[in-house]
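The following note sets out points for a colleague who is reviewing this structure.

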Amino acid sequence: MPDVSPLRIGIAGTSFMGRAHSNAWLQAPRFFDLPRTIELRAACGRDRTAAEDFARRWGWQSVETDWRALVARDDVDVIDVCVPQALHAPVAIAAARAGKHVFCEKPLALNRADAEAMLAAVQQAGVRHVVNHNYRRVPAIQLAKRLIDEGRIGRIFHWRATYQQDWIIDPEFPLTWHLQREHAGSGPHGDLNSHSIDLAHFLVGRIETVSCLTARFIGERPLPGAGAATFSAGTGTATAARGAVTVEDAALLHVQFADGAVGSFEATRFAAGRKNRNRFEIYGSEGSLAFDLERMNELEFYSRSDPEHARGFRTILVTEACHPYIGRWWPPGHTIGYEHTFVHAVADFVTAVHTGAAVHPDFSDGLRVIAVLEAALESAASGRRITVPPVHSPSGGST
Ligand SMILES: NC(=O)c1ccc[n+]([C@@H]2O[C@H](COP(=O)([O-])OP(=O)(O)OC[C@H]3O[C@@H](n4cnc5c(N)ncnc54)[C@H](O)[C@@H]3O)[C@@H](O)[C@H]2O)c1
């Protein structure tokens, strides 16, 4: 008999992703026919008052202030990991060992060793696992995948991805965890290129070799909350306490795919005016595709099989009921947004927990992304082109 009891969720992290995921857990059963109801059992944040405020606003039934206590609870079935990268491995591994399914934010881990340990832990425990490269679940990107699978793009020659933001361009932006290697692993490379690499794996295929160039534009930043100034005897001026930035500020990659296509990736948080410009272009023997997250309901498509006199890029408004996920939302033309991708991910995950089927991108997909990220950083450090080492799955096989 399939288990139809409520699926009880525990979430670690109560800020940006904590909010996006809470919204998704609430919305998914309202818009999708899920096989299990959802209970928001416990939210974990380090500060009890802030965690209680968060729990009240989003409907979590209780709070914890230590993720170990959250993971140990026997009234929780799923651990949702919304904390900085350095905590993904400890929380996810402990959760798997406690028999919980794991829904984990991206990038999967700080490094390849942690990612492999996470994959081994979920496979040994036999629990469902997902890494939230949520852009796979944008309907326009699902449509891109369908057009590629239908052969409408033909043999792919080129992949071109840019992921640009500008939120740390001010040199006085504080030294948050995102700018410290021990918490984040890397800068926009892990944060943004990870999304683009996952999309390239999804849409084009396996990446075989990589060359990478990184740059750091700002070496020191004020410590968070460093309102208190320190006095510099040398200059006689007061300056806020500062710390070293230990990640890159931009990362540019050139890659070769296993099937011979070539590609480029660019990730930066220093592109003034670009807020979350996650864009890719695909050029093939039969046609081309282009997508931009800032216009996420649209897909640009050029087909060489159109009559010659009528050829040109067309913009498909991906809001018809025949498009993936959209039929669950609004009538055609009533567009959806960023938060909907999280709802789609949660809906697919709950179904997978119920059926026991795999759901992608899972931890093995996340590990493949980490393998490319890590090879790229090795390339940046050595100045050499690096072959991405194959990923061996603990359950056998390698890619
Ligand atoms: N999929 C996406 O589109 C997307 C977008 C942004 C961030 N992310 C990923 O989500 C994760 C979280 O990022 P964010 O933007 O929400 O960061 P954030 O700084 O907004 O939130 C991090 C949260 O973790 C909590 N935290 C830190 N250490 C903790 C500990 N020891 N115990 C319990 N809680 C702790 C913080 O209090 C905070 O609530 C990161 O891995 C990031 O890469 C994904």
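1. Two strands are taken to pair if DSSP finds at least two bridges between them. The model under review is a predicted one. Strand E2 (residues 38-44) and E3 pair in the parallel sense, over three bridges. Within this pairing, Ala43 stands opposite Val63 in E3.

2. The pair belongs to an open sheet of six strands, ordered E3-E2-E1-E4-E5-E6, in which the pairing is parallel. Strand E3 (62-64) and strand E6 (129-131) are the edge strands, each of them pairing on one side only. From one strand to the next, the twist averages 20°. In general, the strands of a sheet pair through backbone hydrogen bonds, in either a parallel or an antiparallel sense.

3. Strand E8 (residues 207-215) and strand E13 (residues 250-257) run antiparallel and are joined by eight bridges. Here Ser211 stands opposite His254 in E13.

4. E13 also pairs with strand E14 (residues 262-268), in the antiparallel sense and over seven bridges. Leu252 stands opposite Glu266 in E14. The hairpin of E13 and E14 has four residues between the strands, and Gly260 takes a positive phi near 100° in this hairpin.

5. Which residues come nearest to the ligand? Of the 21 residues around the ligand, these are Gly13, Ser15, Phe16, Met17 and Glu105. Helix H1 (residues 16-31) supplies the largest share of the shell, three residues. By class, the shell holds nine nonpolar, eight polar and four charged residues.

6. The helix pair deserves a separate point. Two packed helices are described by the angle between their axes and by the distance between those axes. For helix H5 (residues 112-125) and helix H10 (residues 363-382), the packing angle is about 170° and the axes are 9 Å apart. H5 is therefore roughly antiparallel to H10, given that angles over 145 degrees count as such.

7. On the H5 side, the contact is made by Arg112, Ala115, Glu116, Met118, Leu119 and Val122. On the H10 side, the contributing residues are Phe363, Ser364, Gly366, Leu367, Ile370, Ala371 and Glu374. How many residues of each class does the contact of H5 with H10 have? The contact has eight nonpolar, two polar and three charged residues.

Note on methods. Residues numbered from 1 in each chain as written. Predicted model: local features only at pLDDT ≥ 70, side-chain atom pairs only at ≥ 80, totals over all residues. Near = placed C-beta within 6 Å. Helix = DSSP H or I, 4+ residues; strand = E, 2+ residues; numbered from the N terminus. Nonpolar A, V, L, I, M, F, W, Y, C, P; charged D, E, K, R; others polar. Axes fitted to C-alpha atoms, helices over the stretch in contact; angles between N-to-C directions. Parallel < 35°, antiparallel > 145°, perpendicular 65-115°, else oblique. Contact = placed C-beta atoms within 7 Å.
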